[in-house]
Amino acid sequence: MKPTSYRWAVVAMLWFICFFNYADRQAISVVLPVLKSQYGFTSSQLGMISAAFMWVYAATAPLAGQVGDRFSRKVVILSGLTIWSVITGFTAICSKVWHFVLVRGSEGLGETFYFPASMSIVSDYHAKDTRSRAMSLHQTSVYAGTIGGSVFAGYLAQHYGWQTPFVLFGGLGVVLAGVLWFCLREPTRNEAERNALKEGEELEKQEHIPIGQFLRELFRTPSALLLLLAFMGTNSVAGVFLTWTPTFLKEKFGLNLTSAGFNATVFIQIASMIGAPLGGLLADALRKRYPGGRMMVQGIGTLLGTPFIFACGYLRQLAALQIAMVLFGLCKGIHDSNIVAGMYDVVPPARRGSAVGMLNFIGWIGAGFCTWLIGYATDNGVPMSTSISAMALIYITVATLFFISAFRFAPRDVRR
């Protein structure tokens with residue numbers, strides 16, 4: 001296979017791994033109503049079960065970034081896929097809150113190693129001229145996995161018992177890891193930048209650095225700090241929608257598990273699959289003209305998505321809600337396509353794994369807290385519709401952070 005073709009084949013292989021990454025984590029959200037009725041769990045306990053994954057994922061993310069910068073990323077990715085797939089299968093034998101918290105937290109530990117290593121590999125196959133497009137195509141696996149995890153888990157749980165999807169997804173993940181061991185090639189560090197050099201140019205050598213030095217550099221890069229805060233906000237909103245929308249639709253509109261899983265994900269995620277490549281194309285074009293071009297695209301996506309988040313909680317007709325979900329998903333995809341590529345514009349190549357690890361650390365702390373908070377608020381009489389609409393305040397704040405980063409700090413930080 002020609003090098004140009006193989007770099008896109010790498011994106012395809014990682015796409016399937018990421019599909020199971022999200023299908024495995026999303027399956028639990030669809031069966032929350034079953035767990036509530038079968039085991040008598042409260043909404044706060046259900047929120048804790050979902051948050052356990054997010055908090056462990058967040059707590060171990062900095063370590064995962066360091067591991068991705070130090071060791072073979074192929075080994076890290078495929079070992080992680082095998083481990084989290086096995087743990088996913090163990091979900092089927094849980095029956096108490098602490099069982100689910102333990103298993104979900106362990107799954108978060110396995111999955112946290114994927115994104116820093118995978119994004120680093122993509123960046124070593126794709127230089128800045130195709131990086132946003134490659135990462136935005138990879139990003140579509142997040143949406144496909146979310147849909148697959150919801151729809152298939154809902155159907156299997158409704159017809160064959162809530163344990164079935166966890167056994168199936170876990171087994172398929174182990175098989176995929178075995179197949180890709182023979183197909184995925186570990187690139188050299190900075191390979192894309194090296195291949196893009198003109199004759200006579202040399203690439204500055206960059207050594208791996210300790211986490212303390214990385215953090216000191218990070219705090220001297222204002223645009224990177226703003227991107228971290230912005231991701232905490234957008235990921236908090238995403239975590240709430242991924243966790244609670246199936247329950248919200250089941251309770252508000254009386255849908256069964258399959259229908260609730262379908263409606264909760266298909267409209268948002270398919271629209272995001274369209275928005276992400278569009279955002280990648282726009283960002284690659286703007287990045288050629290403006291140092292903060294990718295951040296500008298993220299700001300546009302979050303700003304336009306704000307009213308549709310509010311509408312998702314406010315609307316009372318299912319058809320109108322589906323339209324709002326589509327429009328929110330489109331804007332979300334435009335933003336999502338540049339989460340990692342925007343950060344890569346302001347951190348050196350040797351720090352990329354650590355940067356993604358820090359993104360996940362900050363982002364999933366926020367997602368876990370907001371997910372638990374929605375469950376706590378529901379137990380204390382706050383309608384879930386109100387809580388979902390309130391997420392619009394986070395999006396409008398995040399849009400402001402993106403524009404400040406793009407116009408005020410990005411020109412200097414990109415040059416550095």
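**Close-up views of a predicted model**

**View 1. Residues at the contact of helix 4 with helix 17.** From helix 4, the residues A61, P62, G65, Q66 and D69 meet R352, G353, S354, G357, N360 and F361 of helix 17.

**View 2. The axes of helix 4 and helix 17.** Helix 4 spans residues 61-70 and helix 17 spans residues 352-379. Their axes come within 7 Å and cross at roughly 165°. Angles over 145 degrees count as roughly antiparallel, and helix 4 and helix 17 are therefore roughly antiparallel to each other. The crossing of these two helices is right-handed.

**View 3. The crossing of helix 12 and helix 18.** Helix 12 covers residues 222-253, and helix 18 covers residues 384-415. The two axes come within 8 Å, with a crossing angle of roughly 160°. Helix 12 and helix 18 are therefore roughly antiparallel to each other. Their crossing is left-handed. In the contact of helix 12 with helix 18, 21 residues are nonpolar, five are polar and three are charged.

**View 4. The largest nonpolar core and its residue L14.** This core has 112 residues, and those with the most contacts inside it are L14, I17, L35, F115 and M343. Helix 1 (residues 3-30) supplies the largest share of the core, 13 residues. Leaving aside residues up to four places away in sequence, L14 touches I77, Y114, S118, I121, V122, H138 and L184.

Technical notes: Residues numbered from 1 in each chain as written. Predicted model: local features only at pLDDT ≥ 70, side-chain atom pairs only at ≥ 80, totals over all residues. Heavy atoms only, no water. Core = buried A, V, L, I, M, F, W, Y, C linked by side-chain atoms within 4.5 Å. Buried < 20%, exposed > 50% of the residue type's maximum accessible area, 1.4 Å probe, protein only. Helix = DSSP H or I, 4+ residues; strand = E, 2+ residues; numbered from the N terminus. Contact = heavy atoms within 4.5 Å. Axes fitted to C-alpha atoms, helices over the stretch in contact; angles between N-to-C directions. Parallel < 35°, antiparallel > 145°, perpendicular 65-115°, else oblique. Left-handed = near helix turned anticlockwise from the far one by under 90°. Nonpolar A, V, L, I, M, F, W, Y, C, P; charged D, E, K, R; others polar.
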